[in-house]
Amino acid sequence: MRKNLIRDTAVLAAVAGIAVVLLMLFPGKQSAVISTSGEYLMEMAVILPAVMVIMGLFAVWVPDEVVVSHLGHAAGVKGMALSLLLGTLPTGPLYVAFPMAAGLLKKGARVANIIVFLSAWACIKLPQELVELEFLGARFMALRLVLTVVFVVIMGLVIEQYVARSEKHV
């Protein structure tokens with residue numbers, strides 16, 4: 001735990017240092033960076049507390065067995081499909097999905113299903129698909145959707161194998 005805190009603090013310090021150097025190199029961008037950062041901070045301050053409350057309720061009310069049966073290893077292809085569906089429905093920012101993914105992992109969800117869920121949240125949205133259909137046509141939308149789904153599933157399986165191997169070596 002302490003090791004993670006030290007690592008996280010070092011990463012935060014490095015990012016802050018890089019930001020300061022970049023702002024000094026490009027002084028004309030300072031006001032835009034500061035105002036945009038403030039807007040994102042306010043957005044997160046409004047959204048994240050509600051997400052944390054929902055995740056607390058999820059942790060208490062949803063039994064681990066339900067998550068394991070629907071999103072665990074035994075769920076197989078149905079678990080992947082459910083993860084894909086759960087990822088495509090919300091339209092909120094991606095940072096909302098990370099606490100949800102962490103909660104699902106703690107309750108026994110398969111790593112591949114979490115990767116599929118997060119990737120679908122980032123890449124596949126129903127409103128986005130409708131916009132693509134309107135402006136780029138059905139062929140483009142269908143091809144991009146199929147390729148995205150295929151590669152999201154492949155990526156989930158590959159990352160799951162990598163995580164399993166890295167956990168064996170620890």
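**Exercise 1. The setting of helix H6**

Against which helices do the buried residues of H6 pack? Determine also how many residues of H6 are buried.

*Solution.* The model is predicted: local features need pLDDT of at least 70, side-chain atom pairs count only at pLDDT 80 or more, and totals for chains, interfaces and linings use all residues. Residues are numbered from 1 along each chain as its sequence is written, and side-chain values use heavy atoms, with hydrogens and water left out.

Step 1. Locate the helix. H6 covers residues 111-123; helices here are DSSP runs (H or I, at least four residues), strands are DSSP runs of E with at least two residues, and both are numbered from the N terminus. With 13 residues, H6 reaches 18 Å from its first C-alpha to its last, close to the 18 Å expected at 1.5 Å a residue. The expected span is 1.5 Å times one less than the number of residues.

Step 2. Assign burial. Buried means under 20% relative accessible area, exposed means over 50%, and partly exposed lies in between (1.4 Å probe, protein chains only). Ten of the 13 residues of H6 are buried, so this helix is largely enclosed by the rest of the structure. The buried residues include Ala 112, Asn 113, Phe 117, Ser 119 and Trp 121.

Step 3. Find the partners. The buried residues of H6 pack against H3, H4, H5 and helix H8 (138-169), where contact means heavy atoms within 4.5 Å.

Step 4. Examine one residue. Ser 119, found in helix H6, is buried, with a relative accessible area of 10%. Leaving aside neighbours within four places in sequence, Ser 119 is in contact with Ile 124, Val 152 and Met 155.

**Exercise 2. The largest pocket**

Which residues line the largest pocket, and which helix supplies the largest share of the lining?

*Solution.* Step 1. On a 1 Å grid over the protein atoms alone, a pocket is an open set of points with protein on both sides within 12 Å along at least five of seven lines, whereas a cavity is a set where a 1.4 Å probe fits but cannot get out. Lining residues have an atom within 4 Å of a point.

Step 1. State the volume. The largest pocket holds about 200 Å³ of space; grid points are joined across faces, edges and corners, and the volume is the space filled by probe spheres set on the points.

Step 2. List the lining. The residues are Met 55, Phe 58, Val 62, Val 66, Val 67, His 70, Leu 71, Leu 82, Leu 86, Met 100, Leu 104 and Phe 117.

Step 3. Sort them by element. H2 (30-61), H3 (64-71), H4 (76-88) and H5 (97-106) each supply at least two lining residues. H3 gives the largest share, four residues.

Step 4. The lining divides into eleven nonpolar residues, one polar and no charged. Here Ala, Val, Leu, Ile, Met, Phe, Trp, Tyr, Cys and Pro count as nonpolar, Asp, Glu, Lys and Arg as charged, and the others, Gly among them, as polar.

Step 5. Consider Leu 86. This residue lies in helix H4 and counts as partly exposed at 35% relative accessibility. Leu 86 and Phe 117 are 31 residues apart in sequence and 6.5 Å apart in space, C-alpha to C-alpha.

**Exercise 3. Helix H5 and Arg 144**

Which residues of H5 are buried, and which residues does Arg 144 touch?

*Solution.* Step 1. In H5 the buried residues are Ala 97, Pro 99, Ala 101, Gly 103 and Leu 104. Their cover includes H2, H3 and H6. Just after H5, Gly 108 takes a positive phi of about 105 degrees.

Step 1. Arg 144 belongs to helix H8 and, at 18% relative accessibility, counts as buried. Not counting residues up to four places away in sequence, Arg 144 touches Cys 123, Gln 128, Glu 129 and Glu 132.

**Exercise 4. The chain as a whole**

How many helices and strands does the chain have, and how far apart do the centres of domain 1 and domain 2 lie?

*Solution.* Step 1. The chain has eight helices and zero strands. Of its 170 residues, 24% count as buried.

Step 1. An automatic or database domain assignment supplies the bounds: domain 1 is 1-47 and domain 2 is 62-169. Their C-alpha centres lie 28 Å apart.

Step 2. Along its principal axes, the C-alpha trace spans about 55 × 50 × 35 Å. Among contacts between residues at least 6 apart in sequence, 74% join residues at least 24 apart.
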